[in-house]
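This report describes strands, sheets, a pocket and a few backbone details of one model. The sequence and structure come first.

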Amino acid sequence: MSDFVKILGVTEEAYDTKTFEFQLDEKASPGQFIMVWAPGMQEIPMSLSKTGRIKSITVKAIGPDTKRLHELTIGDMLRIRGPYGHGYEIDPEKKYLIIGGGVGTASILPAVKESGADTIIAARSERDLILRDRAMKYSRNVWIATDDGSAGFHGNAVQLMREKCKENSYDCVIACGPEVMLYFTYKACEELGLDCQLSLERHMKCGAGVCGCCVMDGQRVCKDGPVFSKAQISVMNDFGNAKRDECGRLVKFR
C-alpha cells in the first residue's frame, strides 16, 4: 500500500542529518521501515524514527537520493510504502541495553521510547551525534560514545557497552548501526552470554520480500528482518563478511 503524505516538520539533527515528520495512520512497530520516494530520486528504504500516528524518518545526506530528500521542506509531498519488516521484540519483563551507532540511532529511538531502556548513542564525533535529546526524554540513562572523545566516552559503542555491562545486569542488547559495529556487538554478546536483536542493512528494491535483492544466507532482510535474533544471526555467513550490490553481485567487506 502506498500513500502520499505531506511533510509536517523538518528538524536539523546535525550538519548532514535531518528529521522529516509526516502523518501516516498505518500502524508501525519499533524497528520497521518504509520505502520513500519523491520526484527526482529513486525509491529508498528508511527506518522510522517515530512510529506513532505522526511518524518520521531521519535522513543522513550521503548519496543523491538522500541529498534530494534534504532539499524538501514543510508542505512538500512524499510517497510512502509500508511499514515493512520485522521489528524489535520488546518484553516488559526483560532489561535491555539499546545501542545506536551513527544514523542507526534513528531505528532504535522508538524502541527506547517504548521500553525506557538504558541507551548508548555513538558517533565519530560530537558534531555527528543525533537524537540525543529525544533519547534523554525516554530513558533515565543515556550514555554517549565518540571515536575522537569530543563528547562522552572516548571510544566506540562496543567498548562502552562492555563497560556498562560490567556495571549493570541486562538480558538483551538491541542495536542498529554500521555492520562492523553490529558484528563486534554480536561477538561481545556471545562472550558475555547476552541475547541480542540487531537491525541489519542490505540493498533493498521492493521492500516486501519479492525481488530477492536483499537476501542474506537465505533470509530476506526486508521481510524476515531487518531485525534479526541472536539465533538467526549465528547461522549467517554473510554477516560481517559480505553484502550484495544493486546488481546482486557479492561484495566482500575485507
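Strand β7 (residues 96-101) is mostly covered, with six of its six residues buried; buried means under 20% relative accessible area, exposed over 50%, and partly exposed in between (1.4 Å probe, protein chains only). Both faces of β7 are covered: Y96, I98 and G100 are buried on one side, and L97, I99 and G101 on the other. The model is predicted, so local features need pLDDT of at least 70 and side-chain atom pairs count only at pLDDT 80 or more, while totals for chains, interfaces and linings use all residues. Residues are numbered from 1 along each chain as its sequence is written, and side-chain values use heavy atoms, with hydrogens and water left out.

Strands (E, at least two residues) and helices (H or I, at least four) are DSSP runs, numbered from the N terminus. Two strands pair if DSSP finds at least two bridges between them.

| Strand pair | Sense | Bridges |
|---|---|---|
| β7 and β11 (residues 172-176) | parallel | five bridges |
| β7 and β8 (residues 118-123) | parallel | five bridges |
| β8 and β9 (residues 142-146) | parallel | five bridges |
| β3 (residues 33-37) and β4 (residues 44-51) | antiparallel | four bridges |

In β11, I174 is the bridge partner of I98. L97 stands opposite D118 in β8, and A123 stands opposite T146 in β9.

An open sheet is formed by seven strands in the order β10-β9-β8-β7-β11-β12-β15, with mixed pairing. β10 (153-154) and β15 (227-229) are at the edges, each with a single partner strand, so one side of each has no neighbour in the sheet. Helix α2 packs on this sheet and touches β7, β8, β11 and β12 (195-199), its direction making about 155° with that of β7. Contact here means heavy atoms within 4.5 Å. Axes are lines fitted to C-alpha atoms, for helices over the stretch in contact, and angles run from 0 to 180 degrees between N-to-C directions.

A second sheet is a closed barrel of six strands, running β1-β2-β5-β4-β3-β6 with antiparallel pairing. Its neighbouring strands are turned by 45° against each other on average, direction ignored.

Two backbone details follow. G82 and P83 are joined by a cis peptide bond, with omega about 10°; P83 lies in strand β6 (residues 77-84). L131, in the loop between β8 and α3, has phi near 65°, a positive value in a residue other than glycine. L131 is buried, with a relative accessible area of 4%.

L131 is also one of the residues lining the second largest pocket, together with T11, E13, T19, E21, K50, L129, I130, R132, D133 and R134. A pocket is an open set of points, on a 1 Å grid over the protein atoms alone, where a 1.4 Å probe fits, with protein on both sides within 12 Å along at least five of seven lines; lining residues have an atom within 4 Å of a point. The elements giving two or more residues to this lining are β1 (2-14), β2 (17-23) and α3 (132-138). Of these, α3 gives the most, with three residues. The volume of the pocket is about 190 Å³, counted as the space filled by probe spheres set on the points, which are joined across faces, edges and corners. Its lining divides into three nonpolar, two polar and six charged residues. Ala, Val, Leu, Ile, Met, Phe, Trp, Tyr, Cys and Pro count as nonpolar, Asp, Glu, Lys and Arg as charged, and the others, Gly among them, as polar.
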